Amino acid sequence: MTSPYRVVAFSGSLRQGSTNTALVRLAQRIARPELQIEWIDWVDQLPWMNPDLEEDPPAVVQRWWQTLREADGLLVGMPEYNWSPTPLAKNALDWATRPPDDRAIAGTVVAFISSGGRGGGAKAQENLTPILGFMGATMVVEPPVQLALVRDRIDADGNADEEITEAVRAKLDAMLEALRQRDAASA
Ligand SMILES: Cc1cc2nc3c(=O)[nH]c(=O)nc-3n(C[C@H](O)[C@H](O)[C@H](O)COP(=O)(O)O)c2cc1C
């Protein structure tokens, strides 16, 4: 698929006033026309991962798989709880790695943007990056967006200071470059 690329995005935080949700909103607003970022606000409706459900996947699981398969990229506002991704984000990503013989996330270009406490979400990202790479996603690691203690630097609509805005813009540019390289490799 060629530009404009379709990127789906969700936030791993359910918190009202979430800074990670705000980062995704910022990304949506500043994305270049070559990247269309579509907000997904229903990943919290995915059931807890239970392989029993895979025999007859619920409609929302099928919707998630279909959404990922139709997308070129996935952008996640990734909070960090106790050095780990939030359960919401991990659950959505676990479902994205299924079914094992046709992983929905395979071939997807994936980027994390994080706002955390002192750690800035670095450990959550480090934890997931090799796993998703192994599952067939292309991870956009550089430049990292791992923002520490920024609650007073971004509002709920994603209005942020220049440093945060430029960090997210650089990440989106890296995502766009990874998508172009993917196309060039498959041409
Ligand atoms: C249960 C819990 C554990 C947390 N653990 C970490 C952590 O390990 N590293 C970190 O950087 N921040 C940690 N934090 C702080 C959150 O990352 C921070 O509150 C962040 O703003 C949450 O994202 P949000 O604004 O999108 O809701 C933790 C917060 C909670 C509620």
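**A walk around strand E6**

Visitor: Which residue in E6 is the bridge partner of Leu75?
Guide: Happy to start there, with a reminder that this is a predicted model. Strand E3 covers residues 73-77, and five bridges join E3 to E6, the two running parallel. Within E6, Leu75 has as its bridge partner Ala111.

Visitor: How many bridges join E6 to strand E8?
Guide: Strand E8 takes in residues 146-148 and runs parallel to E6. The number of bridges joining E6 to E8 is three.

Visitor: Which residue of E7 does Val109 stand opposite?
Guide: E7 is made of residues 138-139 and runs parallel to E6, with two bridges joining them. Standing opposite Val109 in E7 is Thr138.

Visitor: How many of the eight residues of E6 are buried?
Guide: Let's take the strand one side at a time. In a regular strand, side chains alternate between the two faces of the sheet. On one side of E6, Val109, Ala111, Ile113 and Ser115 are buried, and on the other Val110, Phe112, Ser114 and Gly116 are buried too, so that E6 is largely enclosed by the rest of the structure. The number buried, out of eight, is eight.

Visitor: Which elements each supply at least two residues of the shell around the ligand?
Guide: The shell has 17 residues, and Ser13, Asn20, Gly116, Gly117 and Gly119 come nearest to the ligand. Asn20 is one of the residues of H1, and Gly116 is in E6. The elements with at least two shell residues each are helix H1 (19-30), strand E4 (80-81) and strand E6 (109-116).

Visitor: How many residues of H1 are buried?
Guide: Helix H1 has twelve residues and reaches 16 Å from its first C-alpha to its last, close to the 16 Å expected at 1.5 Å a residue. Its buried residues include Thr19, Asn20, Leu23 and Ala27, and the buried residues pack against strand E1 (5-11), strand E2 (35-39), E3, E6 and helix H5 (162-186). H1 is mostly covered, and out of twelve the number buried is nine.

Visitor: Is Pro144 buried or exposed?
Guide: Pro144 sits in the loop between E7 and E8. A residue is called buried when 20 or more other C-beta atoms lie within 10 Å of its own. Because Pro144 has 21 C-beta neighbours inside 10 Å, this residue counts as buried.

Visitor: How far apart in space are Pro144 and Arg6, C-alpha to C-alpha?
Guide: Along the sequence, 138 residues separate these two. In space, C-alpha to C-alpha, the distance is 21 Å.

Methods. Residues are numbered from 1 along each chain as its sequence is written. This is a predicted model: local features need pLDDT of at least 70, side-chain atom pairs count only at pLDDT 80 or more; totals for chains, interfaces and linings use all residues. A residue is near a molecule or strand if its C-beta atom, placed from the backbone, lies within 6 Å of it. Helices (H or I, at least four residues) and strands (E, at least two) are DSSP runs, numbered from the N terminus. Two strands pair if DSSP finds at least two bridges between them. The expected span of a helix is 1.5 Å times one less than its number of residues. Two residues are in contact if their C-beta atoms, placed from the backbone, lie within 7 Å.
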